[in-house]
Amino acid sequence: MHSLQRGVSNILVKTNKNLGTIKKMTVWSRMKEQKYLIAMSAPFVIWVIIFKYLPLTGWAMAFQDYKPQLGITKSPWVGLKHFKVLFKEEQFYQALQNTLGMSILAIVFSTIFSISFALLLNELRSLKFKRLIQTISYLPHFVSWVVVANIVGQILAPTGTINEILMNLHIINTPINFLAKPSMFWGIVTASDLWKETGWNAIIYLAAITGIDMQLYEAAKVDGANRWQQIKNITLPGIKATAIILLIMSIGNLINIGFEKQYLLGNNTVAAKSLVLDKYALDYGIGMVRYSYGTAIGMFKSVVGIVLIFIANTLAKKSGEGRLI
C-alpha cells in the first residue's frame with residue numbers, strides 16, 4: 001500500500017514538473033511569436049518607468065521640510081505636518097471646489113457632445129462630406145490653449161462678436177464683459193473645452209460604432225425600425241461598454257485638469273472661480289519655495305485619483321458593464 005502511494009505521488013510530482021515545463025515553454029514561445037510587438041512597445045514601457053514611476057521617489061518630500069541644498073536624503077522628516085496644514089487652508093478647499101466643479105461639467109458635457117457628434121457623423125451618407133466634417137472638427141484639438149484663449153477673449157470681449165449679435169437683436173442694451181463675470185467662468189471654460197475637444201473625443205466612439213455588426217441594422221430595417229429606433233436599440237447599446245470605460249478613465253482624472261485653461265482665460269476679477277489644485281500647487285508650493293507643500297498637494301491628487309478609479313471600476317463591475325480591471 002505504501003509503495004503504491006509513493007508511486008502515485010512520484011507520478012504526480014513528475015506530472016506537475018512536466019506541466020510547469022510546458023507552461024514555461026508556452027510563455028517563451030508566445031514571447032518569441034510576439035517579439036516584434038514587444039520590441040515596439042519596449043521604448044514606451046521604458047519611457048513610462050523613467051518619467052512616471054521613478055519620480056514617485058520624490059513623494060518622500062511631502063513628509064520632509066525639504067531643502068534643495070540638503071537634498072532628499074538629508075532633509076529633516078516632519079511626518080504629516082504639510083498635510084495637516086493643507087487641510088486647514090481655506091484656499092485649498094476653494095481650489096478643490098473649483099476643480100471638481102469644472103471637471104464634472106467637462107465630463108458630463110464632453111460625454112454627451114462627443115457621443116452625439118459621433119452619432120450625427122455616422123448618419124451622414126456622403127463619404128466626402130463626412131470626411132470634411134471630421135477633418136474640420138479635429139483641427140481645434142491641435143490648436144494650443146494660448147491661441148484658443150485669445151480667440152475666446154476676442155469673441156467674448158465687450159466689443160466682440162457675441163455682444164454685437166446680442167445688441168443687434170436688442171437682447172441687451174449695453175455690452176457684457178463675460179470674462180469678468182465670476183458666475184460665468186465655469187461655463188466659459190467648459191464651452192471652450194467642448195469646442196476644442198469634441199471632434200477629437202468623438203473618434204473613439206466612431207470606431208466603436210463601426211465595430212457594431214451591420215446585420216443587426218439590416219434585421220432592424222426588416223422589422224420596420226426607423227433611424228432613431230436603430231440608434232436607440234442598436235448603436236447606443238453597442239457603444240455602452242466603450243462609454244463606460246472612457247467615463248472611468250475620466251473620473252480617475254477628475255482632479256487632474258491642469259491649469260492652462262483657467263490661467264489663460266482667468267483674470268483678477270474671477271480669481272476665486274479660476275483657482276484649481278494645479279494652480280494652487282504652483283502658486284503656494286513651488287511659487288513660494290514650499291516644495292514639500294507642493295508635493296503634498298500632488299500626492300493628495302494622485303491618491304484621490306486612484307481611489308476614484310477603483311470606485312468607478314467597482315460600480316461598473318457590479319453593473320455588469322465594461323471595466324478597466
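Lys 273 lies over the face of Trp 186, 4.9 Å from the ring centre. A charge sits over a ring if NZ of Lys or CZ of Arg is within 6 Å of the ring centre and within 35 degrees of the ring normal. The charged end of Arg 290 is also placed over a ring, that of Tyr 293, at 4.0 Å from its centre.

This is a predicted model: local features need pLDDT of at least 70, side-chain atom pairs count only at pLDDT 80 or more, and totals for chains, interfaces and linings use all residues. Residues are numbered from 1 along each chain as its sequence is written, and side-chain values use heavy atoms, with hydrogens and water left out.

**Aromatic rings**

- Rings of Phe, Tyr and Trp (its six-membered ring) pair if their centres lie within 6.5 Å; planes under 30 degrees apart count as stacked, over 60 as edge-to-face and the rest as tilted.
- The count by this rule is 14 aromatic pairs.
- Tyr 138 and Trp 200 are edge-to-face, because their ring centres are 6.5 Å apart and their planes meet at 85°.
- That pair links distant parts of the chain: Tyr 138 is in helix H6 (residues 127-138) and Trp 200 in helix H9 (residues 185-210), 62 residues apart.
- Helices (H or I, at least four residues) are DSSP runs, numbered from the N terminus.
- Phe 259 and Tyr 263 also form an edge-to-face pair, at 6.3 Å centre to centre and 85° between the planes.
- One aromatic cluster is formed by Phe 87, Phe 92, Tyr 93, Tyr 280, Tyr 284, Tyr 293 and Phe 300.

**Exposure of paired rings**

- Buried means under 20% relative accessible area, exposed over 50%, and partly exposed in between (1.4 Å probe, protein chains only).
- Trp 200 is partly exposed, at 34% relative accessibility.
- Phe 259 is partly exposed at 26%, and Tyr 263 is exposed at 52%.

**Nonpolar cores**

- A nonpolar core is a set of buried Ala, Val, Leu, Ile, Met, Phe, Trp, Tyr and Cys residues joined through side-chain atoms within 4.5 Å.
- The largest has 18 residues, of which Ile 115, Ala 118, Tyr 205 and Ile 239 touch the most other members.
- Helix H5 (90-123), H9, helix H10 (214-222) and helix H11 (227-238) each give two or more residues to this core.
- A second, separate core of 17 residues includes Leu 166, Ile 172, Phe 178 and Ile 188.

**Helix H12**

- Helix H12 (residues 240-252) has 13 residues.
- Its buried residues are Ala 243, Ile 244, Ile 248 and Gly 252.

Key
Expected span 1.5 Å × (residues − 1).
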